[in-house]
Amino acid sequence: MTETPEARVKRLYMRSIRRGIKEMDVILTKFADAHLRSLDAAELDAYEAMLAENDQDLYQWVSGQKPAPAEHAAMIDRIMSEFND
């Protein structure tokens, strides 16, 4: 059985708000609340791939401590712009 778009968004939302570290909970919850339901399939793919990364790495990329790898750079930039607004 294939996952419906609505079920996928709900699953990714849960993965966004329940991370390993509180800082990532805050950052990703803000982004997910504002944008997750409006992402297209390719953007959801990119977001899901990014969510598979380690929280410590994600935090360093989002906080600008380290550059994000090329495959996640666009999504990280989008999240950073949301968090910095």
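**Helix packing: a working chat**

Reader: Where is His72?
Author: His72 sits in helix 5, residues 70-84. Helices here are DSSP runs of H or I with at least four residues, strands are E runs of at least two, and both are numbered from the N terminus.

Reader: What should I know about the model?
Author: This is a predicted model, where local features need pLDDT of at least 70 and side-chain atom pairs count only at pLDDT 80 or more, while totals for chains, interfaces and linings use all residues. Residues are numbered from 1 along each chain as its sequence is written, and side-chain values use heavy atoms, with hydrogens and water left out.

Reader: Back to His72. Buried or exposed?
Author: Buried, because the relative accessible area of His72 is 4%. Buried means under 20%, exposed means over 50%, and partly exposed is in between, with a 1.4 Å probe and protein chains only.

Reader: What does His72 touch, leaving aside neighbours within four places in sequence?
Author: Ala49, Met50, Glu53 and Trp61. Contact means heavy atoms within 4.5 Å.

Reader: Switch to helix 2. Which of its residues are buried?
Author: Met24, Asp25, Ile27, Leu28, Phe31 and Ala32.

Reader: What span should helix 2 have?
Author: At 1.5 Å a residue, its 14 residues should span 20 Å, and the end C-alpha atoms are 20 Å apart, which agrees. The expected span is 1.5 Å times one less than the number of residues.

Reader: How does helix 2 pack on helix 4?
Author: Helix 2 (residues 22-35) and helix 4 (residues 55-62) pack at about 60 degrees, with axes 10 Å apart. So helix 2 is oblique to helix 4. Under 35 degrees is roughly parallel, over 145 roughly antiparallel, 65 to 115 roughly perpendicular, and the rest oblique. Axes are lines fitted to C-alpha atoms, for helices over the stretch in contact, and angles run from 0 to 180 degrees between N-to-C directions.

Reader: Which residues meet there?
Author: Glu23, Met24 and Ile27 of helix 2 meet Asp55, Leu58, Tyr59 and Val62 of helix 4. By class, that contact has five nonpolar, no polar and two charged residues. Ala, Val, Leu, Ile, Met, Phe, Trp, Tyr, Cys and Pro count as nonpolar, Asp, Glu, Lys and Arg as charged, and the others, Gly among them, as polar.

Reader: And helix 1 against helix 2: at what angle do the axes cross?
Author: Roughly 150 degrees, with the axes of helix 1 (residues 5-17) and helix 2 coming within 7 Å. That makes helix 1 roughly antiparallel to helix 2. Tyr13, Ser16 and Ile17 of helix 1 touch Met24, Asp25, Leu28, Thr29, Ala32 and Asp33 of helix 2. The classes are five nonpolar, two polar and two charged.

Reader: How do helix 2 and helix 3 cross?
Author: At roughly 165 degrees, and their axes come within 14 Å. Helix 2 and helix 3 are therefore roughly antiparallel. The contact pairs Leu28, Phe31 and Ala32 of helix 2 with Tyr47, Met50 and Leu51 of helix 3. It has six nonpolar, no polar and no charged residues.

Reader: Where is Leu44?
Author: In helix 3, residues 41-51. Leu44 is buried, with a relative accessible area of 7%. Not counting residues up to four places away in sequence, Leu44 touches Arg8, Val9, Leu12, Leu36 and Leu39. The C-alpha atoms of Leu44 and Val9 are separated by 8.1 Å, though the two are 35 residues apart along the chain.

Reader: Last one. Where is Ala68?
Author: In the loop between helix 4 and helix 5. Ala68 is partly exposed, at 22% relative accessible area.
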